[in-house]
Amino acid sequence: VSLTESPPGVQLHELRVRDGYASLGAPFVEQREPTPLPEPYPVAFNPAAAALLGLQPGEAARPEFCLLAAGNARFRGAAPTAAVYAGHQFGTYVSQLGDGRAITLGEIENDAGERWEWQLKGSGRTAFSRFGDGRAVLRSTIREYLCSEAMYGLEIPTTRALAIAGSAEPVFREQPETAAVLSRLAPSHVRFGTFEYFHYAGEPERVKTLADYVLTRFFAELQGPERYAEFLRTVVERTAELIARWQAAGFQHGVMNTDNMSILGLTLDYGPFGFMETYDPAWICNHSDESGRYAFERQPGIGLWNCKALANALSSLVAEPEIEAALAAYEPAYRKHVLALMRAKFGLAVAHPGDPELIAACLDLLAKERADYPTFFRDLAASDERAGSRLADLAAWRTWGERYAARLALETRDEAARRAAMLRANPKYVLRNHLAQRAIEAAEAGAYEEIERLRRLLAAPFDEHPGFDDDARPAPPGTPAVDVSCSS
Ligand code: AMP
Ligand code: MG
């Protein structure tokens, strides 16, 4: 090994930039230059996401990187674009949405031939901005940055976060804040609402153009006359699996409008999300969601509702009986995945017909106890006594514990193997609101280390990380509650 060997990956100027979705042209995308961010500075950089591009991590230190991430520079040979879409927002169809504050710089192709859209969020107005200013505030970019990496650490499909560029530029929300631009990566940012836009505009030929693009790029295995029906069915199944993963992790998206639903089954558009702490199935994390349409326990049903909206938008390509068949796949797929994930949390490797009731009984108990969801399961992985030690109704816990012990007797794994597996299924660390808030307040005061510290912790949430136990606990008593809403 030579000491002068170059680090893995390429330099910024060597990135291979391709014209992907942008090649569809108008009206799918509008060519739009980002609005430069005044005097930008680096706030966060994620080497794990840079590796997806095949970019050397040291390249983030270049001024050119910050200029790209701020929207003050662009790649030669690729036109930045904003995409049009529509969507059902809180159940009501809105015919004109789109990337109102997002601009895709281009698609980066890595050495493995994988392509990642490099999309800026908060990069200024576009044709789809409506009344918005096209900007994002520092607070919301930090939340999306940390949460998408936390989700990745939890093995939940998601867009990835590459970097944040900050600026003193004022942005007005409920109070004056400052602007920041998030760089995020995904193979595609196409949404259910992208299909809805062309369907409800009465342009079935463009629905087909869009479907053909998505199928060719991401569902190439689907060929033949039934391919659109198979595509719908695959998206339905992926969506069901995604939401099963959210439920098991205790993740609430907060704004499950069809314009925030990824056609690839990724978690997309982090806003007023939350991770379940005090267990409450009726929990509503988004303060703008007055009716609780997107409450935690409603997410699986809303996932199906959204798939129906997508199916409608594909009705020029897929006949009614095939639509019905595709949608019928949702519930069994959801049940299968959520049950497998919950079994893993309880350390059950063998499937048993009584498991759903056993699991539901424990969750009922957690709800009555208002127990901390991640702590309970992490404790249960360590020892049954420890899990019970924080509960008040010990008689109820003992009753359930006897059922659980009887059930564990049907397992074939030994206890050590079971507990090790449970520690891989129950994270010690999730992005609790107060952790994000602490990183935000430090960043608003000009200190960015906490973002990187949390990112590293959340990237490996199943590991112990000795010395960081405080980050695994609920907020200390007296910590002011953080209200999260759609305004960001
Ligand atoms: P969201 O609730 O963040 O998913 O956004 C819904 C729609 O509003 C999308 O079309 C966004 O692009 C748009 N939007 C949100 N915030 C802004 C903003 N500050 N400026 C322009 N458009 C925005
Ligand atoms: Mg959105």
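**A walk through the model**

Let's start at His-434: setting aside neighbours within four places in sequence, this residue is in contact with Arg-473, Pro-474, Ala-475, Pro-476 and Thr-479, where contact means heavy atoms within 4.5 Å. His-434 sits in helix α15, residues 433-444. Helices here are DSSP runs of H or I with at least four residues, strands are E runs of at least two, and both are numbered from the N terminus. His-434 counts as buried because its relative accessibility is 9%. Buried means under 20% relative accessible area, exposed means over 50%, and partly exposed is in between (1.4 Å probe, protein chains only).

A quick word on the ground rules. This is a predicted model, so local features need pLDDT of at least 70 and side-chain atom pairs count only at pLDDT 80 or more, while totals for chains, interfaces and linings use all residues. Residues are numbered from 1 along each chain as its sequence is written, chains are lettered from A and ligands numbered from 1 in the order in which they are written, and side-chain values use heavy atoms, with hydrogens and water left out.

Now for the inside. In soluble globular proteins, nonpolar side chains tend to be buried together. A nonpolar core is a set of buried Ala, Val, Leu, Ile, Met, Phe, Trp, Tyr and Cys residues joined through side-chain atoms within 4.5 Å. The largest one here has 117 residues, and those with the most contacts inside it are Phe-195, Val-214, Phe-231, Ile-263, Phe-346, Leu-431 and Ile-451. Helix α6 (residues 227-249) is the top contributor to this core, with 13 residues. Zoom in on Val-214: leaving out neighbours within four places in sequence, its contacts are Val-190, Phe-195, Phe-219, Phe-231 and Ile-263. Apart from that core lies another, of 31 residues, including Leu-105, Ala-163, Val-181 and Leu-185.

Next, the ligands. Around ligand 1 there are 16 residues, and Gly-98, Gly-100, Asp-133, Gly-134 and Asn-260 come nearest; to be counted, a residue needs a heavy atom within 4 Å of the molecule. A backbone N or O atom of Gly-98 is 2.7 Å from an oxygen atom of ligand 1. Asp-133 uses a polar side-chain atom, 3.0 Å from a nitrogen atom of the ligand, while a backbone N or O atom of Arg-135 lies 3.2 Å from a nitrogen atom of ligand 1. On its own, ligand 1 has 480 Å² of accessible area, and the protein covers 82% of that.

Asn-260 turns up again at ligand 2, a magnesium ion. Asn-260 (OD1) and Asp-269 (OD) coordinate this ion at 2.0 to 2.1 Å. Donors are N, O and S atoms within 2.8 Å of the metal (3.2 Å for Na, K and Ca), and water is not among the atoms, so sites may look incomplete. Both Asn-260 and Asp-269 are buried.

Is the charged residue Glu-30 buried or exposed? Glu-30 counts as buried, because its relative accessibility is 18%. You'll find Glu-30 in strand β2 (residues 29-31). Its side chain makes a polar contact of 2.8 Å with the side chain of Arg-32. Such a contact is a pair of N or O atoms within 3.5 Å; within protein, one must be able to donate a hydrogen and the other to accept it, and residues adjacent in sequence count only if both atoms are side-chain atoms. The side chain of Glu-30 also reaches the backbone nitrogen of Ala-127 at 3.1 Å.

Arg-293 is in the loop between β13 (274-275) and α7 (299-313). With 17% relative accessibility, Arg-293 counts as buried too. A polar contact of 3.1 Å links its side chain with that of Tyr-294, and its contacts beyond four places in sequence include Phe-90 and Trp-305.

Most residues other than glycine have a negative phi, and most peptide bonds are trans. The peptide bond from Ala-26 to Pro-27, though, is cis, with omega near 0°. Glu-155 has a positive phi of about 65° without being a glycine, and Arg-370 has one of about 50°. Arg-370 belongs to the loop between α10 (355-369) and α11 (373-382) and is exposed, with a relative accessible area of 55%.

Key
Accessible areas come from the Shrake-Rupley method with a 1.4 Å probe; for residues, only the protein chains shown count as cover.
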